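Colleague: Could you walk me through this one slowly? I am still new to reading structures.

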Amino acid sequence: MTFGSGYHAALSTYQGGITEETLTWKFKLLGKSVLLVGTPDLIELMEDGWFITDYKVTGNPPFGRKVPICNHCDLEMYKSDDGLTCCNCGPLNPRSSAISRIYRPAQARSSHVEQVNLYALLIEKNATFLAKKHNLAKPVEHSSGAQIAYLSQKGVVRCNVQLDRAAALELLKRRLGIL
């Protein structure tokens with residue numbers, strides 16, 4: 001069994017949420033009938049809505065890092081031929097007190113963020129189905145948050161994802177508009 005199929009097998013026995021539920025949404029766009037289908041790895045009902053977790057098996061998970069910040073204007077600095085440079089203040093001495101270092105946590109890859117935002121749309125459109133199938137008192141349309149959990153041989157890196165319904169709808173329109 002591969003690492004990826006092993007986590008799916010373990011996830012299928014998890015009782016704390018809804019795992020591997022295929023969701024569909026049929027709609028019309030530009031006069032064409034479209035069927036959007038997705039299978040979130042895990043959705044859990046929280047007090048403030050559904051929480052989506054999508055697992056990605058990778059040998060190269062994202063990582064957090066320390067970045068130099070200019071203390072004068074609070075902008076992230078970059079390396080240039082002149083050394084550390086602020087786009088407003090210009091080059092600064094790397095040992096200068098004008099430079100701080102802050103930790104930037106790992107960020108989910110943009111395609112994965114788009115994917116969980118589309119899952120949130122599917123959950124919204126399938127609220128009644130989910131309520132009936134899982135004996136919920138009433139349909140819950142709202143998703144409260146999401147995360148991507150990158151699984152590697154070294155460990156798990158979890159990246160929180162900001163859900164953006166408008167961006168997900170715009171993505172659909174843009175991608176489907178070129179067909």
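This is a predicted model: local features need pLDDT of at least 70, side-chain atom pairs count only at pLDDT 80 or more; totals for chains, interfaces and linings use all residues.

Colleague: Okay, which strands make up the open sheet, and in what order?

Modeller: The open sheet has three strands in the order 7-8-9, and their pairing is antiparallel. Strand 7 (78-80) and strand 9 (90-91) are the edge strands, since each of them pairs on one side only.

Colleague: How many bridges join strand 7 to strand 8?

Modeller: Three bridges join strand 7 to strand 8, which covers residues 83-86, and S80 stands opposite G83 of strand 8.

Colleague: Switching topic, how many salt bridges are found in the whole structure?

Modeller: A search of the whole structure gives seven salt bridges. One of them is between the side chains of K133 and E21, at 3.0 Å from N to O. This pair links distant parts of the chain, with K133 in helix 3 (residues 127-133) and E21 in the loop between strand 1 (18-19) and strand 2 (23-29), 112 residues apart.

Colleague: Is E21 buried or exposed, and why?

Modeller: E21 counts as buried because its relative accessible area is 11%, and buried means under 20%. K133, with a relative accessible area of 45%, is partly exposed.

Colleague: And which residue does R104 form a salt bridge with?

Modeller: R104 forms a salt bridge with E76, where the closest N and O atoms are 3.2 Å apart. R104 lies in strand 10 (residues 99-104), whereas E76 is in the loop between strand 6 (65-70) and strand 7. R65, E76 and R104 are linked in a network of salt bridges.

Notes. Residues are numbered from 1 along each chain as its sequence is written. Side-chain values use heavy atoms; hydrogens and water are left out. Two strands pair if DSSP finds at least two bridges between them. Helices (H or I, at least four residues) and strands (E, at least two) are DSSP runs, numbered from the N terminus. A salt bridge is a side-chain nitrogen of Lys or Arg within 4 Å of a carboxyl oxygen of Asp or Glu. Buried means under 20% relative accessible area, exposed over 50%, partly exposed in between (1.4 Å probe, protein chains only).
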